[in-house]
Amino acid sequence: MSQSDNVTTNDAPSPLWQWVALIGVSCLLAVVISPFVWAIMSSFKERGDIMSPGFLPRTWVFQNYVHLLTETSFLRWLLNSVLVSVGAMALGMAVCSMAGFAFAKYKFYGQTVLFWTVIASMSIPPFTTVIPLFGWMAKLGLINTYPVLILPFAANAFGLFMMRQYFSTLPDELLQAARIDGCSEIRLFWSIMLPLARPALGVVGILIFIASWNSFIWPLVMMRSEDMFTLPVGIAGLNSEQSPEYGKIMAAAVLSSLPIITVFFLLQRQIISGLTHGAVKS
Amino acid sequence: MTSPSSILGKAGSLKRASAERRLLAERITPYLFILPFFVLFGSFWIGPIAASFGYSFTAWRGITPPTFIGLQNYQVLWNDPRFHTAVSNTLLFTFLYVTLANALALALALLLNASWLRFRQFFRTAFFFPMTISMVVSAVIFQMVYAGDVGLISKLGAVVGIRTPSWLVDDDLAVWAIIIMRVWRTMGYYTIIYLAGLQTVPSDLREAARIDGANGWQIFRYVTLPVIRPVMLVCVVISTISALEMFDEPMILTQGGPADATLTVAMYLYQQGFQFLQLGQAAAASYILTLIILIISVVQRLTIGREQQ
């Protein structure tokens, strides 16, 4: 990220402007961060305090969090979200890497057509699939079950594309040598190629996890009972109640973001490259 | 007694048999590898996409089997003023959002790319942060920013002594409220992509331009911009497609109101399909949305991607 850093120092403006720029960027950042800080503040306010003009809570209370955890199924939604996202991530990493390997390292009949079908499907809005699937899933009795939230996210078109790109950068000689040694095709994939493709695999996993974790319309349509909601659907539900309790909703917003924010700061490099990789590479 | 040649022959045919098995295995293997992916992809993407096209020519209420009605769904949409509103809202949203998000992201990327700026690495991560918060949670949080009396904006206004309007109940402001929120959430993402593009601009080229007496704007226009054009195309196309499919924000912040001012095609489709159970009509609407997306993407490729060749 810093290849051109040292070369361009001579186009630097005067120190005064450097400070102005720094202060400007900092102010913009403050504006960007403020809604989230505001949510945190509001989540610690008493019910009446939300209406009062101050920014900080007059007294810091945990009642919103207590109410959230005792009166709603928040923990259940969290569990559902984690189960579904981890499930989609694991299954998606498996199917995308296998298919990506086949597209990169074998020649087979129908290869090009299949690959471009997958790529072309990426520009079709997901809303198109929701309508027939709703009818089909209802017939199959899959509405309100976990598989219906896991399976569609596993077949990630972009995941397949990325794995194919990565596998095709690995040398073919590796495969030939292993085949001469009598290595089976499955072992070839599992113990030789897959470990080498770990960076791409991680990125695909993160992509699928985030897509599943954030998805709203799909679980909104497919999940019918409150105990099967995911976090977005549950929180949206709290928000659309007759007299929404803002403190409680903000507590839910903060608490549901915490796991992701923690993961983000631990894996920021991977996550940022995961989310932007595709755009830059394709 | 077996002759040496027959032994050789046997060994040869054995070898051939195993080579054939090997070849067969190699021929079948790729299909086995792609099978799991395509079972899922076929049943959850290709199948439904194709079926949706078929259903768009039927009257389908979910419980009863669909009946063929020809182009009637498309005709109904053509004559439905609410659908017109949804389409024009979506196009307006997309235009404003794409322009604003890309202009801001590019400006921020140019600044964060400057070697003299302190804490650059920190800023890059920090601006990306909103992207990790889910769209639904962002919408819920922004409700607390925009809300009439209890909102952050109205409280800030009270401090300076200004009575700020209620964002979410005003026709024009509700549109901006949604756009600002979306820009807030995604700006850091596009900034990172633009930064990656800016890093490919050769610094000696900029240096040469400077020595030739080009000013900052000229360097940007004639050196930087041509190099980052492909990255710009990607950002514009991605942001356009995502905006044309907008659903979560209006659904949560405004429910499409006030007076359908924030009704998008995706919301219209959801209401027709899952609230009024007009699934055939919703399928037709989804295909019109697909068509709009395809046309706009092609136009963008032709205009922004033009000078690449």
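Modeller: Let's start with salt bridges, where a side-chain nitrogen of Lys or Arg lies within 4 Å of a carboxyl oxygen of Asp or Glu. Between chain A and chain B the count of these is zero. Polar contacts are there, though: nine residue pairs make one between chain A and chain B, with both residues at pLDDT 80 or more. A polar contact is a pair of N or O atoms within 3.5 Å; within protein, one must be able to donate a hydrogen and the other to accept it, and residues adjacent in sequence count only if both atoms are side-chain atoms. As for pLDDT, it is the predictor's confidence in each residue, from 0 to 100.

Please keep in mind that this is a predicted model, where local features need pLDDT of at least 70, side-chain atom pairs count only at pLDDT 80 or more, and totals for chains, interfaces and linings use all residues. Residues are numbered from 1 along each chain as its sequence is written, chains are lettered from A and ligands numbered from 1 in the order in which they are written, and side-chain values use heavy atoms, with hydrogens and water left out.

Now for the residues that meet. The side of chain A that touches chain B has 73 nonpolar, 23 polar and six charged residues. Here Ala, Val, Leu, Ile, Met, Phe, Trp, Tyr, Cys and Pro count as nonpolar, Asp, Glu, Lys and Arg as charged, and the others, Gly among them, as polar. Helix α1 (residues 15–43) of chain A gives this side its largest share, 17 residues. Helices (H or I, at least four residues) are DSSP runs, numbered from the N terminus.

In total, 102 residues of chain A and 93 residues of chain B take part in the contact, which means heavy atoms within 4.5 Å. The size of an interface is often given as the accessible area lost when the parts come together. For chain A and chain B the buried area is about 9000 Å², and carbon and sulfur atoms give 78% of that. This area is what the two parts lose on being put together, found with a 1.4 Å probe and summed over both.

How far can you trust chain A? Its mean pLDDT is 86, and 93% of its residues reach 70 or more. Over residues 1–9 of chain A, however, the pLDDT is below 50, and this stretch has ten contacts in the model beyond near neighbours in sequence.

Technical notes:
Helices (H or I, at least four residues) and strands (E, at least two) are DSSP runs, numbered from the N terminus.
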